[in-house]
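Here are my notes on the model, jotted down as numbered points. Have a look at the fold first, then read on.

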Amino acid sequence: MDVESGRRIRTEMRHILLAILVALALIAVPARAEVQFKRGTLTFVQSPKSVTLQVEVADTAAARAQGLMHRKQLPDNAGMLFIFEETSTWSFWMKNTLIPLSIAFLDKNWHIVDIVDMDVEKDPERPAKFYSSSVPYMYALEVNQGFFKRKGLPVGTRATFRPASP
């Protein structure tokens, strides 16, 4: 087996493992359970401009599993920040997500390393597509689809995160 085949197999195994973990998390959390998300402010700086968003923080398995499910809208300068314990290539899906989203994947230094548009599934109960970054990341930000293009925030843009005071 060559190196590229090995990488591809490891990536596929990670996607399968993620799907299993998400499914287990969804079993543990009732479909409409309300997770209390932490909040904060995320600011992107792309000289000479900056763009600030109010974010909900998904930093636990239950919060990441719920994400933006069942929401009918998302304010223009709002999003959901997913925080992981380690850098990896986790995948996302649009289960029970009713609005089209864009997701920016950020490395451990808070630089955007990839941006992907995610579409609403034909059957939101049974998502058919997984979305992932082309490179490892530690944070992911979901916003309304097209946000990064509208704001002129390309790959390489740096962000800073400030948690809200408790």
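1. A term to settle before anything else: two residues are in contact when they have heavy atoms within 4.5 Å. Leaving aside neighbours within four places in sequence, tyrosine 137 touches Phe84, Glu86, Thr87, Ser88, Thr89, Trp90, Ser91, Phe92, Phe105, Leu106, Asp107 and Val113.

2. Some housekeeping. This is a predicted model, where local features need pLDDT of at least 70 and side-chain atom pairs count only at pLDDT 80 or more, while totals for chains, interfaces and linings use all residues. Residues are numbered from 1 along each chain as its sequence is written, and side-chain values use heavy atoms, with hydrogens and water left out.

3. On the fold: the protein chain has three helices and nine strands, taken as DSSP runs (helices H or I, at least four residues; strands E, at least two) numbered from the N terminus. Their order is α-β-β-α-β-β-β-β-β-β-α-β. Looking at contacts between residues at least 6 apart in sequence, 72% join residues at least 24 apart.

4. Now the inside. Which residues have the most contacts within the largest nonpolar core? They are Phe92, Phe105 and Tyr137, in a core of 23 residues. A nonpolar core here is a set of buried Ala, Val, Leu, Ile, Met, Phe, Trp, Tyr and Cys residues joined through side-chain atoms within 4.5 Å; buried means under 20% relative accessible area with a 1.4 Å probe, protein chains only. Strands S3 (78-88), S5 (101-106), S6 (112-118) and S8 (137-144) each give two or more residues to this core, and S3 supplies the largest share, four residues.

5. There is also a second, separate core of 20 residues, including Leu81, Ala104, Phe148 and Ala159. Across the 166 residues of the protein chain, 45% count as buried.

How values were computed
Buried means under 20% relative accessible area, exposed over 50%, partly exposed in between (1.4 Å probe, protein chains only).
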